[in-house]
Amino acid sequence: MRIKVDIELCTGCETCIDSCPYDAIEMKDDKAFINEYCQLCRNCLNACPEGAIKEVEGEEPVVAEDLSIYKGVWVFAEQREGRVSDVALELLGVGKQLSEQRGTELSAVLFGADSSEAERLIHWGADRVYHCEDRIFDRFNDDPYVDLLTVLIKRYKPEIVLAGATPIGRSFIPRVAARLKTGLTADCTSLKIDPETGNLLQIRPAFGGNIMATILCPNTRPQMATVRPRVMKKGVFDESRTGEIIKIDAENLRCRTTVIDTVKEESETTCNLQEADIIVSGGRGIGGPDGFKMLEELAKLLDGAVGASRAAVDEGWISYAHQVGQTGKTVCPKIYIACGISGAVQHLVGMQSSDVIIAINKNEDAPIFSVANYAVVGDVKEIVPMLIKKLKEVKGL
Amino acid sequence: MDYFFTEEQKMIQELARQIAEEKVVPVRAELDEKEEFPHEIMKVLAQSDMFGIFIPEEYGGLGMGALELCIAVEELSRACLGVSTSYAANALGTYPILLFGTEEQKKKYLPDIASGKRLVAFALTEANAGSDAAGIQTTAKKDGDYYILNGTKQWITNGGEAEIYTVIAMTDPSRGARGASAFIVEKGTPGFSFGKKEKKMGIRASVTRELIFDNCKVPKENILGREGMGFIVAMKTLDQSRVGVGAQGVGVAQGALDEAIRFARQRVQFGKPVISFQAVQHMLADMATLTEAARSLVYSVARYVDSGAKDISKPSAMAKVFATDVAMKVTTDAVQVMGGSGYMREYPVEKMMRDAKILQIYEGTNQIQRNVIGQELIKEAARKG
Amino acid sequence: MKIVVCIKQVPDTAEVRINPETNTLVRDGVPSIINPYDLHALEAGLQIKELTGGTVTALTMGPPQAEDALREAIAMGVDDAVLLTDRAFAGSDTWATAYTLSRAVKKIGFDIILCGKQAIDGDTAQVGPEMAEFLDIPHIAYVKAIDEISTERIRVKRMMEEGYDIVESPIPVLLTVVKEINEPRLPSLKGKMRAKKAEIKKLGFDALETDEHLVGLKGSPTQVKDIFAPEMKKDRKVLKGSPEEIVEQLIGVLKEMKCL
């Protein structure tokens, strides 16, 4: 496929030039011309008032193999210190929906941990678990993970492979995709099946969350995607569920890197943002580090954690560990209280799946209000102290 | 406005602005509050070659002149005058070596200065010798291969932080101003120590200290020029550097104007942003006009200095007096435009106002500058007959 | 030590928006910058060179304008710069990009390859590890400190979710770095002047000696189907009244949510 300008229809109005995010449209002899930097994003198709920009078929990559032999949805179930991570359970949730729509089975792949964890994956929705208990997986090195997952995919040919967009998943999954010569879409926020083609529609934010894009992997299998923790909801836990556990032997696994030590760090890198039921979050509107002291007091009263917008972190008012948004953490607490946060889209993508969002902002046009369940147009510095006082009264402090 | 800078000049402006915005603005309030010398920023300036701008290429510099230095000083001053003072005082201390140093002296000192490895300070002022430079009481007595320095210098910018000091001392007190000589004194020379650090109203990120010479033995090859040339060394140095003080004025005025405009746009009173009131607009208009006029004068004079002209005393004095008076007025008005907020330390303009005051005082008070201009006017008129 | 740093020129995403009516990107006046994470990779490369000696080469793939990013890298102090540009590379996804870069890196030669952990326009974090796969060398992602380095081995701190791992790898190796690793230096004036005049080496498809089915659109397993503006919530309630009344209502909401 290619994008072409119909010279007959082009009036030379230059409207299309600004529509191209890649500077791929230029003017030649008063007509638009699409140069080699075209990324086929199709942005310009709608932009042309004359309909002069068109998709031209042809040059489709040759499909080398029969894609229909690939069946089933796989979830790579990451474990840390022998315990399956929550993101795996979340992936089983969305994986279940996908496998039902495709009329196939849902499998989990577990490297390391013991069989009770494999059982747990079944209780959370897996029909089958491919489990390799080898000790080589105790600590994370890319090589054995890549080798074994690639071998299993080649052997069992799943149609879809999902993994958590964690430091581990984001490190080794790309190598698997590279080796299999198949597509991988990072940080998907939504996964659906296209009812017509049966392809996986992988929706993800791009340009710092300012736009969303639907990505397809039409000609190769498996279709691979990663999903950030806390983006999907966990499936249903059912202790009575049964399934099949297939033991896998670890053979011929390379391991070029060595983990010398694993160090846990408190606070700075691990504030409990993603576990908190309530998050009180501050932006530029809270005015400075003192504003965060106020939010900390409020968060403490509510048994919650303190979050922040990128603007506040960039100002140095609070550490990066508290940052919520595209370049920070994705959170979905029961209540998210946004104080003096204007709501850049980058921030919104990190918190908009919260159950209830309360936004306090002076500016009634602030974009944060577009995702808020409860909108308070007012001064944070006035409302929050009053709220703190009232909460203390209610709690009898 | 476009001042038709060359590619290189634009590079300096761009890089100095980047340093100011990324490295200075985030810490300026803290540096001011804690009265801390900006060590980290000096490192960044060194690594970006900013100390080499006005030093010839053969000594590791970039071989540029007063205008390029002014461009850098202006951008830094826009963010923090304390930082720009520490930076500009280095140039002030270096000029005596650049203008009067021997080839050996230049080879020995200029490369380290250009790379920012060693910071320089200029030491003229004493308790009884400020505007009246002839009142210097520090003495330098020749003793074999050495000069023995005795006395105390006061209010020396970069004192204690600098590695190299250019010091004016009396080799022949009986001859008054004609008995002064200039010396290069390195930190660590026996008999050379530092007194108290001054607590200042503004430019608190810069350090101001006493230098104490107690039988300090300086090798005789460290004299700049000949005995008796000290006063000329000092005056020529100040003529050269004065336009840089003007550039500081332009920078801080622009910084304050920017803050005032930003504030006036978002501050709402009587239901609309205060910038929509003519009273505020007129103040901002005057501030902007004065700042641009000062900038034009400073650049013109810097270009004149770079032309190699000899008669730079008057234009340098004019640039200094005008731009620094503008700085005082514009920073004061910026506080006024911002009202109560402007007076609070939460916003940077009160600091800018405190900082700006020194510009009317140091490197020759604005009254002395007017004397210089007046004297030159008399001389010019006399020449014309 | 031959150090290659892969960088990407990206739009400053903080300023990219989508027009919800036309579903097109609004990028008027959006400046192009070096991907911020790549600045940390450049700094890491320069620091390694200061320790071990050798050369630092900056490599980017993109349109001719991407040369600006390479010149910025030279201003920071890299020794030379290579621009991968060709019509044949158009439409590359991460797979094809990583493959193309890996071919170029092979041509350039390397001991250590450094990348930023991800680019802020795509945020995929895939190109680095994929490149390592194509080169058949180990990689360590999310490196936040380099503890030791010799000509044969490197020891680093790798960020994990709850702390960090200390990981060792033989060289050659590819590292992707996070912001915590260092504070990128600013350019120097001399560097800027050198950058203005420096020759940027250009590599096209022919120079890579590879198959056209492995690069550009043909080499890309994934396709962008469409783009659209993020969805927003509709059912919102505006809390009105005096501050006291608003606070009362907020307490009500918290009670309703059983948070009190």
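**Exercise 1.** How many salt bridges does the rule find across the interface of chain A and chain C?

*Solution.* The model is predicted, so local features need pLDDT of at least 70, side-chain atom pairs count only at pLDDT 80 or more, and totals for chains, interfaces and linings use all residues. Residues are numbered from 1 along each chain as its sequence is written, chains are lettered from A and ligands numbered from 1 in the order in which they are written, and side-chain values use heavy atoms, with hydrogens and water left out.

Step 1. Apply the rule: a salt bridge is a side-chain nitrogen of Lys or Arg within 4 Å of a carboxyl oxygen of Asp or Glu.

Step 2. Across this interface, the rule gives 7 salt bridges. E162(C) forms a salt bridge with K264(A), with 3.7 Å between the closest N and O atoms.

**Exercise 2.** Describe the interface of chain A and chain C further.

*Solution.* Step 1. Count contacts, that is, heavy atoms within 4.5 Å. Here 105 residues of chain A are in contact with 97 residues of chain C.

Step 1. Consider buried area, the accessible area (1.4 Å probe) that two parts lose on being put together, summed over both. Chains A and C bury about 9,000 Å² between them, of which 58% is on carbon and sulfur atoms.

Step 2. Find the paired strands. Strands (E, at least two residues) and helices (H or I, at least four) are DSSP runs, numbered from the N terminus; two strands pair if DSSP finds at least two bridges between them. Strand β17 (residues 258-264) of chain A and strand β11 (residues 163-170) of chain C are joined by 6 bridges in the antiparallel sense. Within this pairing, T262(A) stands opposite D165(C).

**Exercise 3.** Which strands form the open sheet of 6 strands, and in what order?

*Solution.* Step 1. Strands of a sheet pair through backbone hydrogen bonds, either parallel or antiparallel.

Step 1. The order is β19(A)-β18(A)-β20(A)-β21(A)-β22(A)-β15(C), and the pairing is parallel.

Step 2. At the edges stand β19 (305-308) of chain A and β15 (237-239) of chain C; each has a single partner strand, so one side of each is left without a neighbour in the sheet. On average, neighbouring strands of this sheet are turned by 20° against each other, direction ignored.

Step 3. Examine one pair: strand β18 (residues 278-282) of chain A runs parallel to β19(A), joined by 4 bridges. S281(A) of this pair stands opposite G307(A).

Step 4. Helix α7 (residues 289-301) of chain A lies across β18, β19 and β20 (335-339) of chain A, at about 145° to β19(A). Helix α10 (residues 380-394) of chain A touches β20, β21 (356-361) and β22 (374-377) of chain A, and its direction makes about 125° with that of β21(A).

**Exercise 4.** How many residues of chain B are in contact with chain C?

*Solution.* Step 1. The contact count is 20 residues of chain B with 12 residues of chain C.

Step 1. These two chains bury about 1,400 Å² between them, 64% of it on carbon and sulfur atoms. M11(B), L15(B) and Q47(B) supply 36% of the area that chain B buries against chain C, more than any other three residues.

Step 2. The rule finds 3 salt bridges across this interface. K23(B) forms a salt bridge with E183(C), the closest N and O atoms lying 2.9 Å apart.

Technical notes: Axes are lines fitted to C-alpha atoms, for helices over the stretch in contact, and angles run from 0 to 180 degrees between N-to-C directions.
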